[in-house]
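Please look over the chain shown below.

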Amino acid sequence: MSEVGVPPGQRARRLLTETQNMVLASASSGGEPWVSPLFFVADGHERLYWTSEPSARHSRNLQVNPRAAIVIYDDRAGHPVDGLYLTVVTRELGDPDEIARALAVMAQKRQPERWRADLAAVTGEGPWRVYQADIVGAELRATELVGGRPVARRMAVELEGA
């Protein structure tokens, strides 16, 4: 169920800033789907960042097909299930200034120590690369009663100003 009485933009902002994990849906050049759970950090309401190994299946998929979908959801005990569904265009960052900016944004969010990245970890011989997703569409989870039963629906949400 979605948060009753909470404005959609505020719900979206909470999901972007307070949750740590997303599910990324990517597809190969041949259309073979793949999903991956990942730690992420949002930079305001326009883009997301994460680090991944470049040889990971989702990273290889994004190299050939940068369009993807992301679900950010909150299912903590005691909270109603809530979700933000995003349509995104992704890219691996290569410019040192862009990478440094992304790492600074990522450092602002609490994360497990094992996933903390510095410049050496995401360039050259480092095991990871930094990826960016530009948000091009967003929908929030909504609930509608159908035949007396709650049914999950989606509603469009504007993230600008969220």
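## Contacts and model

A contact here means that heavy atoms lie within 4.5 Å. The model is a predicted one. Among the contacts in the protein chain with a separation of 6 or more, 62% join residues 24 or more positions apart.

## Fold and overall dimensions

The protein chain contains four helices and eight strands. Read from the N terminus, the order of these elements is α-β-β-β-β-α-β-β-α-α-β-β.

How does the radius of gyration of the chain agree with that of a compact globule? For 162 residues, a compact globule would have a value near 15 Å, and the protein chain has 16 Å, so the two agree. Along the principal axes, the C-alpha trace spans about 55 × 35 × 30 Å.

## Surface and burial

The protein chain has an accessible surface of about 9,000 Å². Carbon and sulfur atoms account for 52% of that surface. Of the 162 residues, 41% are buried, where buried means under 20% relative accessible area.

## Helix 1

Helix 1 covers residues 8–18. Its buried residues are Gly-9, Arg-11, Ala-12, Arg-14, Leu-15 and Leu-16.

Which strands do the buried residues of helix 1 pack against? The partners are strand 3 (41–43), strand 4, strand 5 (67–74), strand 6 (82–92), strand 7 (129–146) and strand 8 (149–156).

## Largest pocket

Rolling a probe the size of a water molecule over the atoms shows where empty space is left. The largest pocket holds about 270 Å³ of space. Strand 2 (33–39) and strand 4 (47–52) are the elements that give two or more residues to the lining of this pocket.

In total, 15 residues line the largest pocket. Those nearest its centre are Pro-37, Leu-38, Phe-39, Thr-51 and Trp-115. By class, the lining has eight nonpolar, five polar and two charged residues.

## Second largest pocket

The second largest pocket has a volume of about 160 Å³. Its lining consists of His-45, Glu-46, Ile-135, Val-136, Gly-137, Ala-138, Val-157, Glu-158, Leu-159 and Glu-160.

How many residues of this lining are nonpolar, polar and charged? Five are nonpolar, two are polar and three are charged.

Technical notes:
Residues numbered from 1 in each chain as written. Predicted model: local features only at pLDDT ≥ 70, side-chain atom pairs only at ≥ 80, totals over all residues. Heavy atoms only, no water. 1 Å grid on protein atoms, 1.4 Å probe; cavity = no way out; pocket = protein on both sides within 12 Å on 5 of 7 lines; lining within 4 Å. Points joined across faces, edges and corners; volume = space filled by probe spheres on them. Nonpolar A, V, L, I, M, F, W, Y, C, P; charged D, E, K, R; others polar. Rg over C-alpha atoms; globule rule 2.2 N^0.38 Å. Buried < 20%, exposed > 50% of the residue type's maximum accessible area, 1.4 Å probe, protein only. Areas by Shrake-Rupley, 256 points an atom, 1.4 Å probe, with all protein chains shown as cover.
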